[in-house]
Amino acid sequence: MTPLRSLGGQVSSLPRASRMVLACASAILVLIFTYNRSRIRGVPNAIIQQHVVKESGGTYRIPKGRPPSVNLVVAATSREDYSWVKHLRVPELVVIPFIADNISAPHHAQKNKGHEAMIYHQYFYDFYDNLPDISILIHSHQQSWHVDQLLEQDMIFSLNHLDLREVQRRQFLNMRVTWGLGCSSGTINTTRVNEESGNSPEQKEMQEAFRANFNIYEVPEILATPCCSQIAVTRERIRSVPREQYKRHINWLLNTNLPDDISGRTWEHMWQHLFLQKAIDCPIEHKAYCLLYHICFGGREQYDEWIELMQGRQKLEKELKKLDDEKEKTRITEKEKNQQEEVEKKDEQGHKEQEKAKAKTRKWLVSELASIKEAIRVRREVAVVRGAVRINRITEGEGLYGDDIEPGLEKIILPQPGPQSPEVLVTEAK
């Protein structure tokens, strides 16, 4: 007798109530097994094909397969120190220093002219046939105002937190996020050829620079992108531009009569056109931070509150510095002190009251500043924790360039076509 028949005999000999319980349990097991199989089939392949990496900040899911290869191009002079790059922990990273003022260096510009723009174009031309998945092109400084305050104005922090998959998705981006100096202020109006902006002395040169570099007559009226020419771009975007075009840009920088700093600054406003064929490339700030650096505040309102805290901090720091500067100015030499001693005695009580009031004000400023700094720290840490969860990034990052709720820069600064009158619609229909 087979084991299966023996088991069947044992089941049939059980009381009817027991057989019913056993049948129900078997049916439940079959349903659970079927449901789990359907759930496994329903999971997207993109989710299954992921590594799970646990870090102190949370759990991250990274698509399987090798991470994208990355060249970090550092635009430097022979006197600048870029040894800080050894602290980077970007996988598959190759550091390529391009030296502006040393033609004997392995990688160098043809001439120390045009600032980082010359080096970037030289890299694109030299490495055109040997590019990694992603090229990141930066200045040589670790700490700089060119890097956003939310990123600690630190290039190590920025690069270590950069989402390389987001770079691949967008194909080209500016590593700076904030709209100031480039988007909300510092936008370039190319029609103002006789008008020099205070923050953008290159503005009056932009129309001619744009035409000379791209060989087109119709120049976009407005050029806008976050400032400072620290960019990331994929192999596909670099090769979407013919190699000889990079040579054209190099030659323009070599031959232009514009001052060195002005010719380099014109390119701060043209990278987005070169790689995206866009005149305006200003993603919504909080959405870009969330997707690119995994710092997610939860929405525009929460991000604006953080901005207000930062502005309050700056105001208090300014007031505190003013108070301390006034105290420093009142310091006098011993001789001057003796000469004024008699005068001060006459108004000694008033002087003491004044000093007491200043000390009280300073104590309040220090206390308020400490409270605001703590609030800033806590909100930022919460945003980092929130950004560690992929669904939070997807939700907050939707509509990166604006939507009906949060309009993008194009809708803000460019005239939008209004609704046509019924008479016009009838005429067009005829």
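**A short tour of one predicted model**

Hello everyone. Let's begin with Leu223, which counts as buried, at 0% relative accessibility. Before I go on, please keep in mind that this is a predicted model.

So where does Leu223 sit? Its place is strand S8, which covers residues 222-223. And what does Leu223 touch, leaving aside residues up to four places away in sequence? The neighbours are Thr187, Ile188, Thr190, Met206, Phe210, His269, Gln272 and Ala279. Take Thr187 from that group: Leu223 and Thr187 are 36 residues apart along the chain, and 6.0 Å separates their C-alpha atoms.

In the loop between S8 and strand S9 (231-234) you will find Ser229. Ser229 counts as buried too, with a relative accessibility of 1%. Have a look at its backbone: phi is positive, about 55 degrees, although Ser229 is not a glycine. As background, most residues other than glycine have a negative phi. Gln171 is another residue to look at here, with a positive phi near 75 degrees, and it is not a glycine either. You can find Gln171 in the loop between helix H6 (164-170) and strand S6 (172-174). Is Gln171 buried or partly exposed? At 27% relative accessibility, Gln171 counts as partly exposed.

Now for a pair of helices. Please find H4, residues 115-126, and H9, residues 243-255. Their axes come within 9 Å and cross at roughly 155 degrees. Angles over 145 degrees count as roughly antiparallel, and H4 and H9 are therefore roughly antiparallel to each other. The crossing of H4 past H9 is left-handed.

Which residues meet there? On the H4 side they are Ala117, Met118, His121, Gln122, Phe124 and Tyr125. On the H9 side they are Arg243, Glu244, Tyr246, Lys247, His249, Ile250, Leu253 and Leu254. Sorted by type, the residues of this contact are 8 nonpolar, 3 polar and 3 charged.

Let's turn to charges. How many salt bridges does a search of the whole structure find? The count is 17. I'd like to show you a few of them.

We can start with Asp133 and Arg66, whose side chains meet in a salt bridge at 3.0 Å, N to O. Asp133 is in the loop between H4 and strand S5 (134-139), while Arg66 is in the loop between strand S2 (58-63) and strand S3 (70-76), so this pair ties together parts that lie 67 residues apart in sequence.

Arg235 belongs to helix H8 (residues 235-239) and Asp133 to the loop between H4 and S5, so here the parts tied together are 102 residues apart in sequence. Stepping back, Arg66, Asp133, Arg235 and Glu236 are linked in a network of salt bridges.

My last stop is helix H13, residues 300-329, where Asp304 and Arg300 both lie, 4 residues apart, about one turn of the helix. Their side chains meet in a salt bridge at 3.2 Å, N to O. Asp304 is partly exposed, with a relative accessible area of 29%, and Arg300 also counts as partly exposed, at 40%.

Technical notes: Residues numbered from 1 in each chain as written. Predicted model: local features only at pLDDT ≥ 70, side-chain atom pairs only at ≥ 80, totals over all residues. Heavy atoms only, no water. Axes fitted to C-alpha atoms, helices over the stretch in contact; angles between N-to-C directions. Helix = DSSP H or I, 4+ residues; strand = E, 2+ residues; numbered from the N terminus. Parallel < 35°, antiparallel > 145°, perpendicular 65-115°, else oblique. Left-handed = near helix turned anticlockwise from the far one by under 90°. Contact = heavy atoms within 4.5 Å. Nonpolar A, V, L, I, M, F, W, Y, C, P; charged D, E, K, R; others polar. Salt bridge = Lys/Arg side-chain N within 4 Å of Asp/Glu carboxyl O. Buried < 20%, exposed > 50% of the residue type's maximum accessible area, 1.4 Å probe, protein only.
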